[in-house]
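Subject: Structure handover

Dear colleague,

Here is the structure I said I would pass on, with the sequence. My notes on it follow below.

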Amino acid sequence: MYLRYLFQRVVFLFFVVITAASLNFVLPRLTGQNPIRERLAEQMLSGSAISAGVEELVATYDAKFGLDKPIWRQYLTYMGDLLRFDLGYSIPNYPRRVSDIIGEAIPWTIGLIGVSTLLSFTLGTILGALSAWRWTPQWVRFLSYPFIALSGIPFYLLGLILLFIFAFQLRWLPGNGGYGIGSVPNLSIEFALEVLRHSILPALSIVLSSIGFWAIAMRGMMVTVEGEDYMILAEAKGLKKSVIFGQYAVRNSLLPQVTNLALSLGFVMSGSVLVEVVFGYPGVGFLLFRAIQGVDYPLVQGIILVLILTLALSLLLVDLILPLIDPRIQLNRQRMN
């Protein structure tokens, strides 16, 4: 039964990826812009290119990147390249490959968004559970109110506020980039500390905005769980309050939180585009913003495809893991079949 369900989910994942890849091919071309012409126009405006022979140059590069072919031929070539895991070349950064450019940005996004998501999940879940527990001190409950208020502020707006205070006014922390301008990436403690200093403000904007979200969700589940029969039975048995809190209340409230965490981690690869743009952080979100600005079809398609695959795989893992965590899900599915 479980193997059949696994096969169904994998087949569904395949069709989702094919559909998303097709839309990924079509949508950038709806703008009607020629990426080669746009790139040459930028160079002419900056004085780094001459206007003579532009049409011949555009035609040459169109032939090089296959943009002179009919749309259906471009689509077949695109899908064939995807089957070989070939994302092609970036147009503005030729001859650099799209996979290499994305590969350089992925560690920055995972380090920033991944760690920030896990940290905000942990703190928000603990805070939400404590705020709903009847024996929690009153000062702990009041502690949750500021974070709940901050959850209504978007990441990028809170980032701008932190940037203004700590980077422009107090000058305690850097406000742009992933490391210093004169620094060369290397495996040293000094460079690691420099990267850490540059990531504090963008990470803080994400964590402060997310803690309240996780706290509200966990608090709602805790309130629901406290009225269950097994909670009343545990209290009637005279179990310690800490045991009831940890093994009965929190444990049974965590399942929806874990599901939301898996979905949130699926969006990690997309980064927080506006946060990365505000802080000039060299992650996937900032790379996508620059690729859209430069009308770089291959790079935009490559990034979106990576995001789709990441989200689809995370949803597949959630569907496969939840029945193992909670046997009631598998039991209900067997009854429906």
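The largest nonpolar core has 17 residues, and the members that touch the most others in it are Leu112, Leu163, Leu201 and Phe279. A nonpolar core here is a set of buried Ala, Val, Leu, Ile, Met, Phe, Trp, Tyr and Cys residues joined through side-chain atoms within 4.5 Å. Buried means under 20% relative accessible area, exposed means over 50%, and partly exposed is in between (1.4 Å probe, protein chains only). Two or more residues of this core come from each of α5 (98-132), α7 (155-169), α8 (189-225) and α11 (273-279). The biggest share is that of α8, which gives six residues. Helices (H or I, at least four residues) and strands (E, at least two) are DSSP runs, numbered from the N terminus.

This is a predicted model: local features need pLDDT of at least 70, side-chain atom pairs count only at pLDDT 80 or more, and totals for chains, interfaces and linings use all residues. Residues are numbered from 1 along each chain as its sequence is written, and side-chain values use heavy atoms, with hydrogens and water left out.

On the chain as a whole: it has 14 helices and zero strands. Of its 337 residues, 39% are buried. Among contacts (heavy atoms within 4.5 Å) with a separation of 6 or more, 73% are between residues 24 or more positions apart.

Leu201 touches Leu162, Leu163, Phe166, Ala167, Leu173, Pro174 and Phe279, leaving aside residues up to four places away in sequence.

How do the axes of α7 and α8 cross? They come within 9 Å and cross at roughly 130°. Axes are lines fitted to C-alpha atoms, for helices over the stretch in contact, and angles run from 0 to 180 degrees between N-to-C directions. The two helices are therefore oblique to each other; angles under 35 degrees count as roughly parallel, over 145 as roughly antiparallel, 65 to 115 as roughly perpendicular and the rest as oblique. On the α7 side, the contact is made by Phe155, Leu158, Gly159, Leu162, Leu163, Phe166 and Ala167. On the α8 side, the residues include Leu201, Leu204, Ile206 and Leu208.

The loop between α7 and α8 holds Arg171. Phi of Arg171 is near 55°, which is a positive value in a residue other than glycine. Arg171 is exposed, at 66% relative accessibility.

Trp108 and Ser199 are 91 residues apart in sequence, and their C-alpha atoms are 9.4 Å apart in space. Thr125 is also in α5 and is buried, at 8% relative accessible area. Its contacts, with residues up to four places away not counted, are Ser120, Trp214, Met218, Leu254 and Gln257.

Last, helix α12 (residues 284-293). Its buried residues are Val284, Gly285, Leu287, Leu288 and Ala291. Seen down the axis of α12, these fall within an arc of 160° (taken from the directions from the helix axis to the C-beta atoms), so they line one face of the helix. Just after α12, Val295 has a positive phi of about 50°.

Regards
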